Amino acid sequence: MTTYGTIPTSSAPGGSNLDYMARAKQQIKSGLGMRRPWREMFNLRSIALPSGPSRFKDALARIKTNLGYFRMNYAIIVLLIVFLSLLWHPISLIVFIVMIAVWLFLYFLRDEPLVVFRRTIDDRWVLIVLSVLTIVFLLLTRATANILVALAIGVVVVVIHAAFRRTDDLFLDEEAAGKADLFAGVASSSS
């Protein structure tokens, strides 16, 4: 009996790598699909100075909302700025690329919540821990000045965008609105 032209219903033992690569490719597409569209982030009609007598308060509210809404986009921007600053430091660049792989699998490409010792870890904690680990590992590679300058530039870029990007056209669902305060869980769990 021949099987020409049939489609196998189960994967062959050698096909597990192909299955893994196909799943990884699908996760990359769906994971990066979770970020907000860049057009929405850089919509020129939504850029304006905070107005009114309480400009500082309005700017802080915008920063809080935009950090929650564009969290993944901002992480990508900061990581890109750090990457560009490390182009002339090969050891640091290798460490950074390894950490990017860790970021991909633990933050950007996860479909389900991260579970460690049967406890679900919130995305905010994953973001904080990965950020700290990335900074610590990179500082151990003796590219401290480049890293600190790149992080400062990244933070300034993110804060300026978040302060100037109006929030009246953002559509937050209830879950995203609850996560808008990046450090709400940190403050409440430490008390």
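Author: In this text a helix is a DSSP run of type H or I with at least four residues, and helices are numbered from the N terminus. The model discussed here is predicted. One of its helices is H3, which covers residues 55–69 and holds both Asp58 and Arg62. These two residues stand 4 residues apart, about one turn of the helix.

Reader: What makes the meeting of the side chains of Asp58 and Arg62 a salt bridge?

Author: The term requires a side-chain nitrogen of Lys or Arg within 4 Å of a carboxyl oxygen of Asp or Glu.

Reader: How do you know whether Asp58 is buried, exposed or partly exposed?

Author: A residue is buried under 20% relative accessible area and exposed over 50%, with partly exposed in between. The value for Asp58 is 26%, so Asp58 counts as partly exposed.

Reader: How many salt bridges does a search of the whole structure find?

Author: The search finds 2 salt bridges. Besides the pair in H3, the side chains of Asp122 and Arg124 meet at 2.6 Å, N to O, which is again within 4 Å. Asp122 has 25% relative accessibility and counts as partly exposed, while Arg124, with 13%, is buried.

Reader: How are the elements arranged along the sequence of the protein?

Author: The protein has 9 helices and 2 strands. Read along the sequence, they follow the pattern α-α-α-α-α-β-β-α-α-α-α. Of the 191 residues, 29% count as buried. Among contacts between residues at least 6 apart in sequence, 81% join residues at least 24 apart.

Reader: Is helix H4 roughly parallel or roughly antiparallel to H5, and how do you know?

Author: The axes of H4 (residues 71–85) and H5 (residues 90–108) come within 11 Å and cross at roughly 170°. Angles over 145 degrees count as roughly antiparallel, and H4 is therefore roughly antiparallel to H5. On the H4 side, the residues in contact are Arg71, Met72, Ala75, Ile76, Leu79, Val82 and Phe83. H5 contributes Leu93, Phe96, Ile100, Trp103, Tyr107 and Phe108. By class, this contact has 12 nonpolar, no polar and 1 charged residues.

Reader: What makes a set of residues a nonpolar core, and which elements give two or more residues to the largest one?

Author: Such a core consists of buried residues from a set of nonpolar types, joined through side-chain atoms within 4.5 Å. The largest core has 30 residues, and those with the most contacts inside it are Tyr74, Val82, Leu86, Trp103, Tyr107 and Phe108. The elements that give it two or more residues are H3, H4, H5, helix H6 (123–139) and helix H7 (144–164). The largest share, 7 residues, comes from H4.

Reader: How do you know whether Val82 is buried or exposed?

Author: The limit for buried is under 20%, and Val82 has a relative accessible area of 4%, so Val82 is buried. Val82 is found in helix H4. Not counting residues up to four places away in sequence, Val82 touches Phe96, Leu138, Ala150 and Leu151. One of these, Ala150, is 68 residues away from Val82 in sequence, yet the two are 5.2 Å apart in space, C-alpha to C-alpha.

Reader: With which residues is Trp103 in contact, leaving aside its neighbours within four places in sequence?

Author: Trp103 is in contact with Leu79, Phe108, Leu127, Leu130, Ser131 and Thr134.

Reader: How do you know whether Phe117 and Arg118 are buried or exposed?

Author: A residue is called exposed over 50% relative accessible area. Phe117 is at 80% and therefore counts as exposed. Arg118, at 84%, counts as exposed too.

How values were computed:
Residues are numbered from 1 along each chain as its sequence is written. This is a predicted model: local features need pLDDT of at least 70, side-chain atom pairs count only at pLDDT 80 or more; totals for chains, interfaces and linings use all residues. Side-chain values use heavy atoms; hydrogens and water are left out. Axes are lines fitted to C-alpha atoms, for helices over the stretch in contact, and angles run from 0 to 180 degrees between N-to-C directions. Angles under 35 degrees count as roughly parallel, over 145 as roughly antiparallel, 65 to 115 as roughly perpendicular and the rest as oblique. Contact means heavy atoms within 4.5 Å. Ala, Val, Leu, Ile, Met, Phe, Trp, Tyr, Cys and Pro count as nonpolar, Asp, Glu, Lys and Arg as charged, and the others, Gly among them, as polar. Buried means under 20% relative accessible area, exposed over 50%, partly exposed in between (1.4 Å probe, protein chains only).
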